[in-house]
Amino acid sequence: MAESKHASGSIVSGVAGRYASALFELAQENAAIDDVAEKLAVIEALAAESADLRRLLVSPVFTAEEQVAGISAIAEKAGVTGLAGNFVKFVASKRRLFVLPAMIRDYRALVAQAKGIVNAEVRLAEQPSAAVLDDIKATLREVADAEVDVNVKIDPALIGGIVVKVGSRMVDSSLRTKLNSLRLAMKEVR
């Protein structure tokens, strides 16, 4: 898959990246970057909650006209207007709604990069307390020397500990990994 370098220096790829880049540039020109991000997040949340909306996004059975009508009604009812609303309708008219979740993700990445925000994924065995989460965020801000957007995922298979991924760097101090390492070391001793 070919990659294209966006004017702001980020790398996005494919159809989703091209649409997200175009939307980001329009949002920049109109001083609406945050407004568009908020409204796209509304569409994303609605899709997460509604199987019918997800079906509208991905099903090839619907015509472009039906997709435009459906997504227009949903966007209007949810208050997704302006640039974001027009973008979603345009995507529907081009029969690209199935790529909308990736477009939203790529747009969010472009916004984060423009603001100097680093994305981090933190996996834990159980939901952390607010104090522990604040400590994790503070540590990541210090290490990254930038503002950090932390995405917490709960993975009970880790047993305990933490796995942190920031960019291409990953630190795995989960109990599962330590036990696997110990298991391998014990097999070598035999």
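Predicted model: local features only at pLDDT ≥ 70, side-chain atom pairs only at ≥ 80, totals over all residues.

Residues are numbered from 1 along each chain as its sequence is written, and side-chain values use heavy atoms, with hydrogens and water left out. Helices (H or I, at least four residues) and strands (E, at least two) are DSSP runs, numbered from the N terminus.

The buried residues of α2 are I33, V36, K39, L40, I43 and A47, buried meaning under 20% relative accessible area, exposed over 50% and partly exposed in between (1.4 Å probe, protein chains only). Because these residues cover an arc of only 140° around the axis, they lie on the same side of α2; the arc is that of the directions from the helix axis to the C-beta atoms. On the face turned away from this buried side, α2 carries the exposed residues E38, A48 and E49. With 17 residues (33–49) at 1.5 Å a residue, α2 should span 24 Å, and the 25 Å between its end C-alpha atoms agrees with this; the expected span is 1.5 Å times one less than the number of residues.

## An aromatic cluster and a hairpin

Three aromatic pairs are found in a search of the whole structure, rings of Phe, Tyr and Trp (its six-membered ring) being paired if their centres lie within 6.5 Å, with planes under 30 degrees apart counted as stacked, over 60 as edge-to-face and the rest as tilted. Two of the pairs involving Y19 are set out here.

| Pair | Centre to centre | Angle of planes | Class |
|---|---|---|---|
| Y19 and F87 | 6.4 Å | 70° | edge-to-face |
| Y19 and F90 | 6.3 Å | 40° | tilted |

Y19 in helix α1 (residues 14–29) and F87 in helix α5 (residues 82–93) are 68 residues apart, and Y19 and F90, the latter also in α5, are 71 residues apart. Ring pairs link Y19, F87 and F90 into a cluster, in which Y19 is buried at 17% relative accessibility, F87 is buried at 10% and F90 is partly exposed at 42%.

Elsewhere, strands β5 (residues 162–166) and β6 (residues 169–172) run antiparallel and are joined by four bridges, where pairing requires that DSSP finds at least two bridges between two strands. K165 stands opposite M170 in β6, and the two strands form a hairpin with two residues between them, G167 in the turn having a positive phi of about 65°.
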